[in-house]
Amino acid sequence: MTTVAMGSSETAAPVAHWQGGVSPFAVSWQKLMMWIFLVTDALLFAGFLASYGFVRLASPAWPEQNEVFPMLKIAAMTFVLITSSATMATAVGAAHRRDLKRAMVFVALTALGGLLFLLAQATEWATLIAEGARLTHNPWGPAPFAAFFFMITGFHGSHVLIGVILLTVVALRLWRGRATGMGVEVAGLYWHFVDVVWCFIFPLFYLL
Amino acid sequence: MERITPYRTYWLVWIVLLALTLSMIVAEGAPLARGLVVSFILLAMLLKVTMIGAWYMHLRLERAALILSVVLATFVTAAALFFLLVPEAISLPQAGP
Amino acid sequence: MSAEAVHAESFIRRYLFSTDHKTIGKQYLLTAFFMGLFAVGWSILIRIQLAWPHANLPLLSRLFPGLYQDGVLLPERYLSLVTMHGTVMVFFVISFALVSGFGNFIIPLHIGARDMAYPVLNMLSYWTAVPACILMIASFFVPDGAAAAGWTAYPPLSALPQAVPGSGWGQTLWLLGMALFIASFTMGSLNFVTTILNLRTKGMSMFRMPLTVWTLFISSVLGILAFPALTAAAIMLLLDRHGGTSFFLPSGLVVGGQVLEHSGGTPLLFQHLFWFLGHPEVYILVLPAIGIAFDVVAVFGRRPVFGYRTSIWALLVIGVLSMIVWGHHMFTSGMNPYLGEYFSVATVAITVPFAVLGMNLIASLWRAEIRLHPAMLFALAMIAAIGLGGLGGLWLGTASSDMYLHDSYFVVGHFHFMIGVVTAFGIFAGTYYWFPKMFGRMIDQRLGKIHFWATSVGVFFAFIAMHFLGLGGVLRRTYDPTAYEYTASVTWLNLPISIALFLAAAAQVVFLVNFFWSMFRGQKAEANPWEAATLEWTTPSPAPHLNWRELPSVFRGPYEYRTDGRAAGYRSQVVPDEPPAEVRA
């Protein structure tokens with residue numbers, strides 16, 4: 001019955017309801033798909049972080065992070081990642097202004113920032129491994145601490161790596177004049193997401 | 001996206017983000033009540049994420065439907081997962097104080 | 001692009017690495033049938049063991065030397081069979097056929113799109129699913145056999161390679177196969193959601209979409225939200241197995257007389273993460289089946305769906321609730337009792353929107369002019385299965401009664417109704433309904449009815465009887481049903497259950513013969529053989545590449561059957577409105 005009523009009322013005023021053909025979100029399918037992908041990817045990290053919270057709450061003790069991590073270096077890594085997000089936003093803004101040259105420069109800068117972050121991450125891992133941290137073993141207390149550290153930062157790092165590759169491709173395409181504003185923006189969404197994930201990992205794992 | 005964000009805005013946001021990060025690190029070492037420190041850090045974290053989402057990911061310029069779908073879907077799901085795990089974790093026999 | 005472009009494409013581009021959503025849908029459907037042969041085959045071996053637990057079976061021993069020894073099924077292989085039957089049925093048969101198969105085939109046709117939003121991603125999704133299937137099948141041929149920790153893969157059985165024979169390579173392949181499946185399913189879901197939101201034709205508002213599309217939409221959203229938790233769990237489980245971590249392993253575990261070095265983790269965490277997906281997964285599978293039932297009931301009952309909008313709201317409420325009730329699978333795990341209380345209440349709350357769906361299906365039959373096509377028969381029987389499964393679910397959702405029934409055959413009977421019978425009948429109803437559009441030929445109705453009656457009698461008898469086995473205390477996954485004397489009063493039921501299920505399995509042979517015979521030899525189908533109102537029937541059968549010469553415009557809802565009292569009359573969604581004066585007259 002509802003259907004019938006709906007059909008006739010809608011046909012009486014055909015523009016009253018949205019008529020299809022475009023998205024209710026008023027975004028292109030590329031952007032929508034990237035957003036939905038980011039939701040699933042965010043929930044993957046949520047799964048890791050929730051597990052980390054679970055195990056940490058269920059553990060009788062947890063290491064003092066200040067004694068484990070060189071806080072200055074972690075802070076510098078965070079700064080680098082945030083700065084790369086700012087350059088990425090600038091690149092997206094330039095792409096929207098059809099200023100492809102500026103967009104290319106800033107995308108390349110962003111990729112450089114990502115590389116710098118990865119480099120710092122790698123040295124951090126090397127230091128901790130040298131001090132005896134393993135997936136199976138943690139010199140500062142409960143074993144899951146090291147396991148979660150390597151898993152979560154490893155997964156975030158792999159996302160950064162994928163982002164760097166993606167941005168390099170985008171920069172090359174911009175150089176050849178083949179990239180679209182949409183392409184830069186979608187790549188930008190991914191890069192900011194990587195930064196957002198770090199915004200959660202940094203306080204939840206390193207600070208608290 | 002119809003409106004164009006001025007470049008300056010991105011870099012203003014950048015300054016705020018850096019300041020927030022710095023304040024989190026300072027707060028962690030500050031001689032304050034633990035609960036206060038934790039709440040401040042979590043708040044600053046959420047603020048940072050909101051700023052990146054709103055200005056850098058341009059959610060500010062999108063329709064409310066998209067913002068609500070993306071943000072609510074992610075946060076409600078993650079919160080459901082986490083907060084239904086917490087009572088389990090703290091009732092396990094090996095759990096600490 | 002024109003329809004003629006098709007002929008320029010090579011065989012490989014057209015049938016193997018096709019980006020056409022219809023071809024990909026059919027590929028998924030046929031892959032599901034192929035995997036179904038395995039899954040049903042394994043269940044036959046399981047039922048033989050349960051019906052004649054002490055028989056010597058030299059023939060089977062000859063056929064499956066890895067599973068049988070001296071005519072007896074090895075107990076550890078029995079666990080592998082149970083595990084793989086569950087896994088393959090849930091993820092590689094039902095999910096493939098209902099969500100990926102019908103989803104790919106029908107979404108663009110239902111909403112008036114030329115293809116999916118991102119056809120290449122769609123093709124990639126299928127070709128990620130194929131290696132997943134190969135890994136699952138291959139796991140039977142590795143040393144120590146396939147995974148044996150149950151389809152839930154609970155640690156420590158699944159986390160310690162030395163725990164049981166199947167925990168070795170079999171479990172690793174299982175995890176890798178699942179990882180590929182999740183990747184494939186996520187790619188598919190991204191496409192479904194984006195397509196449904198962005199690619200609808202002019203006039204196709206959200207509230208004019210057929211309910212099949214709505215259910216597939218909600219299923220895809222649930223998949224997007226729920227699968228990442230399982231991905232996280234699978235990654236951590238792989239690390240536990242091969243990296244030596246102890247995310248899910250507590251200290252003090254003893255295997256083979258040796259204390260393990262693991263410490264600090266808890267298997268409860270895995271159970272939570274698994275069921276965080278596992279429960280929504282049930283709805284991911286059941287909802288599209290119900291959506292198909294709505295479409296079929298409307299077309300073959302010649303009535304508009306009762307409460308179209310309430311059904312959609314019920315579906316949305318089910319979607320939300322399904323994400324927060326997972327704990328009812330874990331009442332006996334030693335979980336926090338307050339949490340158990342919450343999960344119990346939330347679970348029982350979900351019956352309200354579910355009852356709305358069931359009642360709407362039944363009410364759609366009011367004054368219907370029922371055409372008993374096999375598709376309609378399966379849809380009607382599905383309503384009964386929803387009712388029976390739902391009633392059993394009330395017992396299991398309530399923590400106090402679940403304490404007794406947990407891990408018993410009551411559970412087995414219950415979930416075989418919900419994600420066995422309901423979904424299988426959804427697959428059959430959809431296949432019989434859309435067969436003309438898929439292959440351009442009619443499927444034979446007489447064989448279809450034989451298929452329906454044999455299947456229904458078999459599964460309804462068997463799964464109702466399993467509830468009684470469970471009430472009698474028979475535990476699931478028991479290798480030897482005669483092992484416990486206290487269940488002797490009910491275990492005689494195993495033989496009739498097995499015979500009933502053999503009948504149902506034999507009926508699937510009829511189905512497959514009918515399917516392939518009709519595909520090549522069936523009577524040619526017209527564009528709209530069922531006088532249906534939805535968009536897919538406005539294009540020729542089989543639907544051409546890119547679906548329509550000119551995209552149709554939509555003017556009305558999907559279910560306008562006999563709305564003005566004319567016998568068997570219907571108005572297609574593409575029929576423009578008559579002048580208002582005539583409507584009033």
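**Reading a three-chain model**

Me: Of the 208 residues of chain A, 51% count as buried. What makes a residue buried, partly exposed or exposed?

Reply: It's a neighbour count: buried needs 20 or more other C-beta atoms within 10 Å of the residue's own, exposed means 12 or fewer, partly exposed is in between, and C-beta atoms are placed from the backbone. This is a predicted model, where local features need pLDDT of at least 70 and side-chain atom pairs count only at pLDDT 80 or more, while totals for chains, interfaces and linings use all residues. Residues are numbered from 1 along each chain as its sequence is written, with chains lettered from A and ligands numbered from 1 in the order in which they are written.

Me: Which secondary structure elements does chain A have?

Reply: Chain A has 7 helices and 0 strands, so elements here (DSSP runs numbered from the N terminus: helices H or I of at least four residues, strands E of at least two) read α-α-α-α-α-α-α along the sequence. Within chain A, 75% of the contacts with a separation of 6 or more join residues 24 or more positions apart; a contact means C-beta atoms, placed from the backbone, within 7 Å.

Me: How do the axes of H4 and H5 of chain A cross?

Reply: Axes are lines fitted to C-alpha atoms, for helices over the stretch in contact, with angles from 0 to 180 degrees between N-to-C directions. In chain A, the axes of H4 (71-96) and H5 (100-130) come within 8 Å and cross at roughly 165°. H4(A) and H5(A) are therefore roughly antiparallel (over 145 degrees; under 35 is roughly parallel, 65 to 115 roughly perpendicular, the rest oblique). Their crossing is left-handed, the near helix being turned anticlockwise from the far one by less than a right angle. The residues of this H4(A)–H5(A) contact are 16 nonpolar, 8 polar and 3 charged. For those classes, Asp, Glu, Lys and Arg are charged, Ala, Val, Leu, Ile, Met, Phe, Trp, Tyr, Cys and Pro are nonpolar, and the others, Gly among them, are polar.

Me: How many residues does the contact take from chain C and from chain A?

Reply: Chain C puts in 48 residues and chain A 38. On the chain C side, the elements giving two or more residues are H7 (169-198), H8 (211-242), H9 (267-301) and H10 (308-322). H8(C) supplies the largest share, 8 residues. That side of chain C splits into 24 nonpolar, 18 polar and 6 charged.

Me: And what does the contact of chain C with chain B take?

Reply: That one takes 13 residues from chain C and 10 from chain B. H8, H9 and H11 (337-349) of chain C each give two or more, with H9(C) giving the most, 3 residues. Here the chain C side has 9 nonpolar, 4 polar and no charged residues.

Me: Where is C:Arg367, and is it buried or exposed?

Reply: C:Arg367 lies in the loop between H12 (351-363) and H13 (374-397) of chain C, and its phi is positive, about 55°. It counts as exposed because it has 9 C-beta neighbours inside 10 Å. C:Arg477 also has a positive phi, near 60°; with 15 other C-beta atoms within 10 Å, C:Arg477 is partly exposed.

How values were computed: Contact = placed C-beta atoms within 7 Å.
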